[in-house]
Amino acid sequence: MLTPDLLFQIANPVAMLGWVLLLIAPRWRGTRWLVRSGALPLLLAATYAAVIGYQTLAHPAPGGGFGSLQEVAALFRQPWALLAGWVHYLCFDLWVGLWELRDAERRGVPHLALIPCLFLTFLLGPVGLGVYHLIRLRWPLPP
């Protein structure tokens, strides 16, 4: 039976695989097939849609919502909603990392300069995106 804990245990390694490939083998055929094609982020997106749909229909969180911090806290006390939120982070952070990689390649940013940005995006999402934005200023798009 699928439980929030089991899906959490599956989603984390799926996302981690994507990050490892972006970091150490960005041009490898397997990376192109699994990550650069959008397959892993879209798999996480489909998982998110299924989990949030199931949570909303089968396990609504009493007092949960998005109108106040208290409502968000009530929502995330429900394990299915918490899982949905986590998969949301996994999906969007991986997508942002993929965008950073593609943008860096277009600009000619050396991969070694990109690695800290990808690592920070993996760990701290918006912090990595902000650092990448600063890095990319040094490499404007070619004319």
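How far apart are the closest N and O atoms in the salt bridge that Asp 103 forms with Arg 136?

**Figure 1. A look into the largest pocket of the predicted model.** Rolling a probe the size of a water molecule over the atoms shows where empty space is left. In the largest pocket, that space comes to about 300 Å³. Its lining is made up of 18 residues. Those nearest the centre of the pocket are Tyr 89, Leu 90, Asp 93, Thr 121 and Phe 122. Two or more lining residues come from each of helix 1 (4-24), helix 5 (79-107), helix 6 (111-124) and helix 7 (126-136). Helix 5 gives the most, with seven residues. Sorted by class, the lining holds 13 nonpolar, four polar and one charged residues.

**Figure 2. Arg 36 meets Glu 105.** Side chains of opposite charge can pair when their charged atoms come close. Here Arg 36 and Glu 105 form a salt bridge, and their closest N and O atoms are 2.5 Å apart. Arg 36 belongs to helix 2 (residues 29-36) and Glu 105 to helix 5, so this pair ties together parts that are 69 residues apart in sequence. Are the two partners buried or exposed, or something in between? Arg 36 is buried, with a relative accessible area of 17%, while Glu 105 is partly exposed, at 29%.

**Figure 3. Asp 103 pairs with Arg 136.** Now for the opening question: the closest N and O atoms of this salt bridge are 2.9 Å apart. The pair links distant parts of the chain, with Asp 103 in helix 5 and Arg 136 in helix 7, 33 residues apart. Both partners are tucked away from the surface by the numbers: Asp 103 is buried at 1% relative accessibility, and Arg 136 is buried at 17%.

**Figure 4. Asp 103 also pairs with Arg 106.** In this salt bridge the closest N and O atoms are 3.2 Å apart. Asp 103 and Arg 106 both sit in helix 5, and because they are three residues apart, about one helical turn separates them. Arg 106 counts as partly exposed, at 48% relative accessibility, whereas Asp 103 counts as buried.

**Figure 5. A network of salt bridges around Asp 103.** Which residues are linked in this network? They are Asp 103, Arg 106, Arg 107 and Arg 136. Across the whole model, the count comes to five salt bridges. Among them are the pairs Asp 103 with Arg 136 and Arg 36 with Glu 105.

Terms used: Residues numbered from 1 in each chain as written. Predicted model: local features only at pLDDT ≥ 70, side-chain atom pairs only at ≥ 80, totals over all residues. Heavy atoms only, no water. 1 Å grid on protein atoms, 1.4 Å probe; cavity = no way out; pocket = protein on both sides within 12 Å on 5 of 7 lines; lining within 4 Å. Points joined across faces, edges and corners; volume = space filled by probe spheres on them. Helix = DSSP H or I, 4+ residues; strand = E, 2+ residues; numbered from the N terminus. Nonpolar A, V, L, I, M, F, W, Y, C, P; charged D, E, K, R; others polar. Salt bridge = Lys/Arg side-chain N within 4 Å of Asp/Glu carboxyl O. Buried < 20%, exposed > 50% of the residue type's maximum accessible area, 1.4 Å probe, protein only.
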